[in-house]
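I opened a new page in my notebook for this one. Here is what I looked up, entry by entry.

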Number of protein chains: 2
Amino acid sequence: MTSRGFKATARTSPEGRAVARTQTLIKGTNGIGTVRRTTLPGGLRIVTETLPSVRSATFGIWAHVGSRDETRSLGGATHYLEHLLFKGTARRSALDISAALDAVGGEMNAFTAKEYTCYYARVLDTDLPLAIDVVCDMLTGSLIREEDVDVERGAILEEIAMTEDDPGDCVHDLFAHTMFGDSPLGRPVLGTVDTVNALTADRIRRFYKKHYGPTHLVVACAGNIDHAKVVRQVRAAFEKAGALTDPQAVPVAPRDGRRVVRTAGRVELLGRKTEQAHLVLGMPGLARTDERRWALGVLNTALGGGMSSRLFQEIREKRGLAYSVYSYTSGFADCGLFGVYAGCRPSQVHDVLRICRDELDRVAENGLSDEEISRAIGQLQGSTVLGLEDTGALMNRIGKSELCWGEQISVDDMLARMAAVTPDEVREVARDILGQRPSLSVIGPLKDKQAAGLHAAVS
Amino acid sequence: MTSRGFKATARTSPEGRAVARTQTLIKGTNGIGTVRRTTLPGGLRIVTETLPSVRSATFGIWAHVGSRDETRSLGGATHYLEHLLFKGTARRSALDISAALDAVGGEMNAFTAKEYTCYYARVLDTDLPLAIDVVCDMLTGSLIREEDVDVERGAILEEIAMTEDDPGDCVHDLFAHTMFGDSPLGRPVLGTVDTVNALTADRIRRFYKKHYGPTHLVVACAGNIDHAKVVRQVRAAFEKAGALTDPQAVPVAPRDGRRVVRTAGRVELLGRKTEQAHLVLGMPGLARTDERRWALGVLNTALGGGMSSRLFQEIREKRGLAYSVYSYTSGFADCGLFGVYAGCRPSQVHDVLRICRDELDRVAENGLSDEEISRAIGQLQGSTVLGLEDTGALMNRIGKSELCWGEQISVDDMLARMAAVTPDEVREVARDILGQRPSLSVIGPLKDKQAAGLHAAVS
């Protein structure tokens, strides 16, 4: 780990021009995996990771804003804004934006989460200047025109309807509601039909202005790239847009919060005429900065992270009760969730829940076997190393690290942290997390009698 | 393009041992992209592609069997068998199989299509011998035990139920039925609840025996690999399993067929209480060997292959009528499909269909602009080159090429074929394909009056 980026302060050159400050955060091997950070005057951070063995690069910009920052009446504004950044700038129409990247076979997309928003493009290295130009233009110069807001409302309402038609996806939104209630973390990222219908161009423009200043952005770029060149291009693009005007500006610190989640024993059922019942059984997890997260990662992998995991073996392999069954963790600045998902026909719901609950209880009490732990560590390490070949995954890691932790960790350090997890640590985190009383979210066609039985799973 | 692999014949060494025959099909640059094929005595083909700049490898085995080879009562047998190959061999339990790959962070999976089945594992290059050992064991030594067949039936019925709950996926099965009717290509790969319930261990074992002989398999491996080593390991594994006994055996030729599809003007509606209506409007396309496929690829990309495509622009960007809208092609040995998918709320169905139909008609009549064509060619070329960094994508290409064409094409040749597509060729293929009268498949909550209006879209 290295020093925190948000401490960077502005300096000026002898000629009075504000000076960017560049640090090498991780020194790679043979030019692979070198991570550098430059903080521009104006407070814009740029992190890059070099991977000279590929011919591609992924360029992304992360904004320090997510649906968690919305009031109830702004529900869905972050995601709405993400859509609108593709609709046109002073220099480009929506078609110009998409045609530029399509013409070179690039992939351009964006995603909105509860604590951040990310825009990115993956291109051949020779097309990187184009990707930088387009993505920076979108971030700094979007017009958010009234007529675009109106047309895009339709596409977003369709996206909400599409998500509603995917109960295996939707049940995770329901679980957030079960655990966090009607609070920013408990509301859906997309917003609702009502909030989306109520949002105006004016409110979204204000939201854009408030959350997309350079101090709230992190630029991340990985692949066959040159740090200094990326910095020069990004700086030129932001300066051209007049977005780096305050030399004293300091990047915002990673988000912190005081949310404590103690939800237990709650059951929410959304009746739907689906073929399967879609279930999430879970409990409070860990904040993303919690040091126990490495042990929880091992626990999660062994419990429900692969075909050899406990839950897959018990529910699918030995009994054929589900096709899809897995566990997962999600970590926010100040809290987190641990959940088990399964999809099964309504007649199997009680068997599946009983087995899940039994396994959670058993592991809370006894921990895992040494063999399970060493296999889970191997699985996490192997997939981490396999992920190194994907410039998109690298860009994600360094961008999210900068925004959420304010620091970078090398792959060697990550592998070492995984290897250092002990059976005792796993037993402790299992007792702390899995030992809590769970809550349950279900979408499906359960009849009254079946629905009444759900409470047994969280008693 | 190179000579066809299935002409290889068996020879013997002076000592009487059958000799493998190896050819370099594509000579790469600096060791990158060299494609070699060895045909073992016993008729097993092994193709590899080298990518020494990565640290990973993907190993796959392709079987020359798909749901198209099923009689009505065998519906779903190919896919059922694919599941059962993970359930245990003489040497390994189901847990042994999954734990082996999980322990090194490998990704192991399989997929069943209408004309082939593929099993693969992506691992770090140092773990390749393990991947080869496990996958070869599954292919040659699976036990297909009665009790495993019974347990796995539950998981498959859950998979069918899960697919039913995803109307955006399901509508493609419906479209195959609309176009091909109750024939092998028109029936779902997963089978139905009834056919899956009726399949016995005995029938599946016979199916396995019939379709998984070495002449019906293609081994494909890509990444940081050594061709000779891969061949030695695969040969040892197959010989140990007693699977290479007939030195005269010759690999099966690529599939051919005589299916001619003339479906036109048909409408199928599956009523469901979904939020969106999910539509596919389409017509007969091209067989995968049709030389016009390069022009159709360009046409498909420009019409519905990206954010700058006609359909995306007209339906989502300008009008916000859908979130997801795209076109696609699928090619079989003797026929193919061209389709446009859109998901939209029921009230928009008629607008969306009218715009789709108008665009199809317009392009059938006028072709595309030079700008659209050159952008689509750039998009296809760029994404092809970007795909070269993924050993899974490379393995897929060489394995499928060997099985379906019996030949390999270099990336340079592919890029040249794309670049050579002319506006006249696009106009011709647009007239031939899009000029046909379309058919339509819909899943959604349409009322009688709306449903009655669907026929207008295909008149």
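How many salt bridges are there between chain A and chain B? I count 8 salt bridges between chain A and chain B, taking a salt bridge as a side-chain nitrogen of Lys or Arg within 4 Å of a carboxyl oxygen of Asp or Glu.

Ground rules first. This is a predicted model, where local features need pLDDT of at least 70, side-chain atom pairs count only at pLDDT 80 or more, and totals for chains, interfaces and linings use all residues. Residues are numbered from 1 along each chain as its sequence is written, chains are lettered from A and ligands numbered from 1 in the order in which they are written, and side-chain values use heavy atoms, without hydrogens and water.

Next, I looked up one salt bridge: B:Arg122 and A:Glu389 meet through their side chains at 3.7 Å, N to O.

Then I checked who touches whom. Chain A puts 63 residues into the contact and chain B 63 residues (contact means heavy atoms within 4.5 Å).

On area, I noted that the two chains bury about 5,100 Å² between them, with 56% of it on carbon and sulfur atoms. Buried area here is the accessible area (1.4 Å probe) that two parts lose on being put together, summed over both. In chain A, the residues losing the most area to chain B are A:Glu158, A:Asp165 and A:Leu386, together 14% of what that side buries.
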